[in-house]
Amino acid sequence: MSEYILVTGGAGYIGSHTVVDLLENGFCPVVVDNCVNAIVAEGHKTPESIRRIETITGEKVIFHNVDLCNKKDLESIFEKYKFSAIMHFAGLKSVNESVSNPMNYYEVNLGATINLIECMKAYNIFNIVFSSSATVYGIPERLPIDESHPVGNGITNPYGKTKYFIEEIFRDLAKAESQWKIILLRYFNPVGSHVSGLIGEDPQGPPNNLMPYVAQVAIGRRPILSIFGNDYDTPDGTGVRDFIHVVDLAKGHISALKHINEVCGCKAYNLGTGKGYSVLEAVEAFKEASNKDIPYKFAPRRLGDLGDVHADPTLAKKELNWTANWSLSRMCEDLWRWQTMNPTGYNPNEKI
Ligand code: UFG
């Protein structure tokens, strides 16, 4: 019998790619999602992303429209399935929104996680993989950033702080109770989509992140890209990031799951490639992959942005036997396929 894995936020960008991999690896994911950021087609109850996963894998996906902030509803899911582990993706994720409405971010991201932990304890489940972020490192003291780099200093927005606070909760929990096996996965900059072009990143409104914005410029949905800052201390003056293919990232979760029983307490791993590319290099790579012109202009630095952020991914290779395989050009090709097949994302009725 395959193991039930609870996937919170499984209809989202990274969650949906991981659900595909879970199914392909013989696990039985149970997706819970409150659909605040997911498109549900008319006449359906299941988000479009989940229906597309069913097309990709040929398997039925167990889905429940549940908000983790509603503890009773969450308990009913734990009552129904005996989970062997939890993958916790759910949460609000807009940096900008978190600055203007911090309490909503603290309430939702922390509240949901606390409810989840309480349900896990009540049902004697102690294995969890959490979606953390490179943002917890704050301003890098050294590069590349390894997991022993200090965390929590100089995080500039409430979204990033929720990731750090949740990490702290997990560290305290593991110290207090020896049965926990917790893996914190610190993502760098996920890009791309599944090779089918059926699932991908679907930002609601103008994208905050670089590559979805570039893709929307390429397809004519936005006139021009603003490059925030060309005076950073980097080779060409633009920001440098560790872009990682979302499918590589999803595979990192499967590796974490397969190794979770070796973890004692709470352990963090970077999921990045180890290589940084500048904004201009990323734009150039996308231009080549799409064969489209990407008009851009330089604009002032974005508040809170950092110059160079890239990972040392050695620990994940050594202990999880995971490494990122796909190049920046592959990320761009796959993102472009998703963008051309779905010019308005999962919502066909949205205006271009
Ligand atoms: N950028 C632009 N123009 C844009 C968007 C971004 O020039 O329209 C630049 C940024 O200034 C930065 C780079 O592109 O130099 C990458 O920006 P992203 O917004 O794509 O990514 P960030 O590294 O700023 O943020 C990402 C995630 C956050 C996470 C953080 C952790 O979006 O959720 O990494 O490091 F917290």
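How many aromatic pairs does the structure hold? The structure holds eleven aromatic pairs, where rings of Phe, Tyr and Trp (its six-membered ring) pair if their centres lie within 6.5 Å, with planes under 30 degrees apart counted as stacked, over 60 as edge-to-face and the rest as tilted. In one of them, the ring centres of Phe 78 and Phe 83 are 5.5 Å apart and the planes stand at 80°, so this pair is edge-to-face. Together with Tyr 4, Tyr 81 and Tyr 123, Phe 78 and Phe 83 form one aromatic cluster.

A word on the model: it is predicted, with local features needing pLDDT of at least 70 and side-chain atom pairs pLDDT 80 or more, while totals for chains, interfaces and linings use all residues. Residues are numbered from 1 along each chain as its sequence is written, and side-chain values use heavy atoms, leaving out hydrogens and water.

Now to the sheet. Helices (H or I, at least four residues) and strands (E, at least two) are DSSP runs numbered from the N terminus, and two strands pair if DSSP finds at least two bridges between them. Seven strands make an open sheet in the order 3-2-1-4-5-6-11, with parallel pairing. Strand 3 (62–65) and strand 11 are the edge strands, each pairing on one side only. From one strand to the next, the twist averages 20°.

| Strands | Bridges | One partner pair |
|---|---|---|
| Strand 5 (127–133) and strand 6 (181–187) | seven | Asn 127 and Lys 181 |
| Strand 6 and strand 11 (265–271) | seven | Ile 183 and Lys 267 |

Axes here are lines fitted to C-alpha atoms, for helices over the stretch in contact, and angles run from 0 to 180 degrees between N-to-C directions. Helix 5 (residues 102–122) lies across strand 1 (4–8), strand 4 (83–88) and strand 5, at about 170° to strand 4.

Strand 6 is mostly covered, with six of its seven residues buried.

Technical notes: Buried means under 20% relative accessible area, exposed over 50%, partly exposed in between (1.4 Å probe, protein chains only). Contact means heavy atoms within 4.5 Å.
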